[in-house]
Amino acid sequence: MRIITVKTKARARKIIVYAIYIILLSSIQVSFPDSFSFAGQTADLVFVFVVLSGYFNGFWDGAVVGFICGMVRDAFSPPAIVGLDGDIRVTAFIGAFTLFAAGIIGASFFTRRMHRNIPFSIVAVIFVTFCYKIAGYLLIYGWSTISGNNAGIYDPFTAFVYSFLPQLLLNTVASIPMIALLRFLGPVSFKGNANKDEIIEQDGDGTWLGI
Amino acid sequence: MKKLLKSKWFIALIVLLVLAAFSILSLLPGSPVKKLLQPVQLVTTPAQSLVKKAGDTLSDFWSAITDGIAIREENKALKEQIADLRYHLTQNEEAALRYEELKEALHIKDTFSNYVIYGAAILSRESDEWFSTIRLNAGAADGIVLEEGNSYPVLDVEMNLVGRVIESSETESRVLPLLHEGFAVAGKVNEVNGATFMVAGDAELKRYGLCLVKGIDPEVRIEPGMEIVTSGDGGLFPEGVHIGVIESVDYSNPLDVTATLRPYSQIGKLEDVFIMIPYVEETEPSSTDAG
């Protein structure tokens, strides 16, 4: 009975901490994007947060946090794309799709083999950012070709140098304070990660009880 | 089968497929899928406004400390400027009276006289390269009613073009910024019988804060520094709205002369904008309807 109470309390605490992160980071992202921009790209704080949540806290945390962050992104700043009829339209759920995928990829990136260690979490952020940029570029390329609007396409070299690299750099830099935030304000505990992999796999919630 | 249904990867795949289907469905005109996001908007908008206000207050406080000396000097310069402007104002009052007389006589219309202008504050900006629409705090409840296929120009406080409204809900509207690759407007050189062309957003130029000017007649000479305004062609934007200045011109291909344009409006620094809605005179009900 006592165990259930502790678990329920811990779960509620975790949800509250996640909710604060999601609202704060999503709001900062769309309110002051110029404060963390470089070379025409903006550090994606929400994206980094989702990947790290998945990496440190497991599949379900990554998936749920990614999905909710994505919904908020779709509400705040959805992409507008040229439809097949040539009209430009605001889309929905692309953010949810992107961040949900980012969360589950982050949660599955050598997490067991590397025991969710901190340095490798930065590699996870770099890898998932790279996947996001490549997939985004290919999607835009394909869609622009189908819709006949070439204004959205730039050549692969330009994309790599002026879009991928600055974004990778910014997200990597953003991941360092984000790891510190997750470590000191929760909901991640870094105490004895090696032993907690099993718990994360089975339960998905237990690890941050040590905050 | 039970094992498959319980597999986290299977569940993730289903969620991804559903989200992809919803994304595609949201592209259909009048798609009801977007309404699913309304509860999220309802919950997150007040929180985001609060965070924005807190950030702005902090930023203002910091500016007040750091800009103190600069403000004092600017104040001095502005006082001198005010004195100078007052002198010009008295001279211009005479000219304005003369203009009003001539306007009446020649039936000249003000550039924006057929538009109702609504003020709105920017709620949120683009979050990255691809999630790039801007959200305003004015919607259908404030008179921004957008019909399918229609759009309204958005200007900054100095009446420079910022973008256009592409979607509106009850309390909010979304703006496609000038630099977005899907944006296009008919422009012209700001002079009598100035050359006309298209000004459009371009993914490559966006990172430099520039637009692409295309469809330039090779016979026409376009030079850096020329001011570009909307031409009014197409009917969406009124004629004479300031867009920006030509930055460079490329005549290397005579069949495809292009130029780059630096817009006047600095979207990153804007707080308030104005939406221009064509003014429709309400027709009075006829006597038979009334009675």
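**Exercise 1.** What span should the 14 residues of helix 4 of chain A have at 1.5 Å a residue, and how far apart are its end C-alpha atoms?

*Solution.* Keep in mind that we're working with a predicted model.
- Step 1: find the helix, which covers residues 94-107 of chain A.
- Step 2: For helix 4 of chain A that comes to 20 Å.
- Step 3: check the model. The end C-alpha atoms of helix 4 are 20 Å apart, which agrees.
- Step 4: look at the surroundings. Of the 14 residues of helix 4 of chain A, 14 are buried, so the rest of the structure largely encloses this helix.

**Exercise 2.** Work out whether V48(A) is buried or exposed, and list what it touches.

*Solution.* 
- Step 1: V48(A) sits in helix 2 of chain A, residues 45-57.
- Step 2: count neighbours. There are 29 other C-beta atoms within 10 Å of V48(A). A residue is called buried at 20 or more, so V48(A) is buried.
- Step 3: list the contacts. Leaving out residues up to four places away in sequence, V48(A) touches V125(A), N171(A), A174(A), S175(A) and M178(A).
- Step 4: compare sequence with space. V48(A) and I179(A) are 131 residues apart in sequence, yet their C-alpha atoms are 9.4 Å apart.

**Exercise 3.** Describe how helix 3 of chain A meets helix 3 of chain B.

*Solution.* 
- Step 1: recall that a packed pair of helices is described by the angle and the distance between the axes.
- Step 2: name the geometry. Angles of 65 to 115 degrees count as roughly perpendicular, so that's what these two helices are.
- Step 3: pick out the residues. Chain A brings M71(A), V72(A), A75(A) and F76(A), while chain B brings V40(B), Q41(B), T44(B) and Q48(B).

**Exercise 4.** Sum up the side of chain B that touches chain A.

*Solution.* 
- Step 1: count. In chain B, 48 residues are in contact with 53 residues of chain A.
- Step 2: assign elements. Those supplying at least two residues each include helix 2 (8-25), helix 3 and strand 4 (161-168) of chain B.
- Step 3: sort by type. This side of chain B has 18 nonpolar, 15 polar and 15 charged residues.

Methods:
Residues numbered from 1 in each chain as written. Chains lettered and ligands numbered in written order. Predicted model: local features only at pLDDT ≥ 70, side-chain atom pairs only at ≥ 80, totals over all residues. Helix = DSSP H or I, 4+ residues; strand = E, 2+ residues; numbered from the N terminus. Expected span 1.5 Å × (residues − 1). Buried ≥ 20, exposed ≤ 12 C-beta atoms within 10 Å, placed from the backbone. Axes fitted to C-alpha atoms, helices over the stretch in contact; angles between N-to-C directions. Parallel < 35°, antiparallel > 145°, perpendicular 65-115°, else oblique. Contact = placed C-beta atoms within 7 Å. Nonpolar A, V, L, I, M, F, W, Y, C, P; charged D, E, K, R; others polar.
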